[in-house]
Amino acid sequence: MKASQILDREFLEVRAKILEIAASLDRMDRAEGDLTGHPNRQLLGRGIDLLASKDVDRAEQVQLLFSREYVDGWQDDFELKSRT
Amino acid sequence: MYYIDPHIHMVSRTTDDYQTLARMGCIAMSEPAFWAGFDRGSVDGFRDYFRQLTEVEPARAAQYGIQHFTWLCINAKEAENVELSREVMKMIPEFLDCANVLGIGEIGLNKNTRNESIVFQEHVELAIEHNQQVLIHTPHLADKYQGTRMILDMLGGYSGLDRSRVLVDHVEEHTVRDVIDAGYWAGMTLYPVTKCTPARAVDIIEQMGPDRLCVNSAGDWGPSKPTAVPDLIMEMRRRGHSEGMIHQVVFGNPYQFFSQSQHFSFEMPTPETRVFDNL
């Protein structure tokens with residue numbers, strides 16, 4: 001499919017998703033309490049920033065943003081026996 | 001189009017769902033052992049569950065012309081209890097000769113803990129000892145990337161493990177490449193909220209190519225859609241993919257992977273045996 005065909009097909013769907021995000025952020029801001037500094041609110045902000053990037057692996061980058069870190073040598077921390 | 005759902009938890013579904021799946025072209029499925037929504041208290045609870053998977057569900061599926069296969073294990077969530085897990089693993093060989101058992105699964109990690117890792121390794125060793133295929137669950141959401149890497153680390157330690165007989169399931173954009181590049185099969189689960197949508201799964205197929213990639217619905221007791229594989233077929237058709245490529249993903253690939261199991265005695269429906277005539 002051509003890019004313009006995909007845009008035509010998905011325009012309303014993406015518009016609706018952006019609107020949902022906007023409404024969710026408004027809802028949080030209208031509610032009582034301050035989310036400044038809340039780690040999950042910061043993560044959402046970074047995720048939104050990723051959408052505006054020009055990379056072609058945005059979905060993968062968003063997944064990694066919301067992922068726990070992998071640490072080399074974890075088996076030593078768990079004191080796991082090596083297997084063969 | 002006929003298709004195989006390689007990962008669906010039919011113990012959680014109604015008989016009406018079997019009928020709907022058959023009407024939509026599902027002719028075979030495999031059901032990995034998993035968490036029932038509560039922790040079972042004894043090895044006998046698992047023995048009864050394995051009877052359900054090897055006796056009850058195949059008979060229920062057969063009423064609608066669907067061939068039912070299964071995988072046995074204690075799932076990652078209950079694997080936190082190492083003592084119970086070892087009792088269950090000791091009992092599993094009683095069922096490995098059942099006609100519909102394809103292998104050990106869905107083993108894996110849930111919260112990526114030490115106990116889960118120990119039980120995962122012991123399951124892999126059980127599979128190697130009994131020459132069984134392996135189906136692997138990867139964790140959800142924030143735990144998926146770390147857990148998948150840990151699983152690949154552990155699998156990599158087994159020189160006696162044939163990677164072409166192992167499927168790592170629930171891959172997404174950030175885990176699929178590591179799994180495929182290491183020589184394993186990968187499964188994409190079409191599931192609301194926590195896993196992949198049909199559109200994203202097709203994106204991954206387009207980027208990775210269709211080889212060694214399977215798609216499934218996981219249809220279980222949570223919010224899920226047992227007819228998600230036909231949704232993927234529709235999405236691939238809307239994007240103009242060939243019928244041959246769609247067939248490879250939804251039928252050829254699971255058929256090829258399962259064919260490595262001694263108990264995969266699959267037979268295509270014939271005009272005499274098929275239950276529904278709409279295909």
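Let's start with one pair: B:Met188 has B:Val215 as its bridge partner in strand 8 of chain B. Before going further, some housekeeping. This is a predicted model, where local features need pLDDT of at least 70 and side-chain atom pairs count only at pLDDT 80 or more, while totals for chains, interfaces and linings use all residues. Residues are numbered from 1 along each chain as its sequence is written, and chains are lettered from A and ligands numbered from 1 in the order in which they are written.

When I say helix or strand, I mean DSSP runs, H or I of at least four residues for helices and E of at least two for strands, numbered from the N terminus. Strands pair if DSSP finds at least two bridges between them.

So, back to our pair. Strand 7 (residues 185–189) and strand 8 of chain B run parallel, joined by four bridges. The chain gets from strand 7 to strand 8 of chain B through helix 7 (residues 198–208), in a right-handed β-α-β crossover. Right-handed here means that, with the strands pointing away from the viewer, the path from the first strand over the helix to the second runs clockwise.

On to strand 6 (residues 166–168) of chain B, which pairs with strand 7 in the parallel sense over two bridges. There, B:Val168 stands opposite B:Ala186. Strand 6, helix 6 (residues 176–181) and strand 7 of chain B make a right-handed β-α-β unit.

Buried means 20 or more other C-beta atoms within 10 Å of the residue's own, with exposed at 12 or fewer, partly exposed in between, and C-beta atoms placed from the backbone. B:Trp185, B:Gly187 and B:Thr189 point one way from the strand, and B:Ala186 and B:Met188 the other way.

Now zoom out. Eight strands of chain B form an open, parallel sheet in the order 1-2-3-4-5-6-7-8. Strand 1 and strand 8 (213–216) of chain B stand at the edges with a single partner strand each, so one side of each has no neighbour in the sheet.

At the other end, strand 1 (residues 3–5) of chain B pairs in parallel with strand 2 (residues 26–32) over three bridges. One bridge partner of B:Asp5 to look for is B:Met29 in strand 2. Seven of the seven residues of strand 2 of chain B are buried.

What about the nonpolar core? The largest one has 78 residues, and those with the most contacts inside it include B:Leu190, B:Ala201, B:Val215 and B:Leu232. Such a core is a set of buried Ala, Val, Leu, Ile, Met, Phe, Trp, Tyr and Cys residues joined through C-beta atoms within 7 Å.

Finally, chain A, which has four helices and zero strands. Its radius of gyration is 19 Å, well over the 12 Å that the globule rule gives for 84 residues, so chain A is more spread out than a compact globule. That radius is taken over C-alpha atoms, and the rule is 2.2 Å times the number of residues to the power 0.38. Of the 84 residues of chain A, 0% count as buried.

Where the chains meet, the contact takes 17 residues from chain A and 21 residues from chain B, contact meaning C-beta atoms, placed from the backbone, within 7 Å. Helix 3 of chain A gives the largest share of its chain's side, four residues.

Terms used
Two residues are in contact if their C-beta atoms, placed from the backbone, lie within 7 Å.
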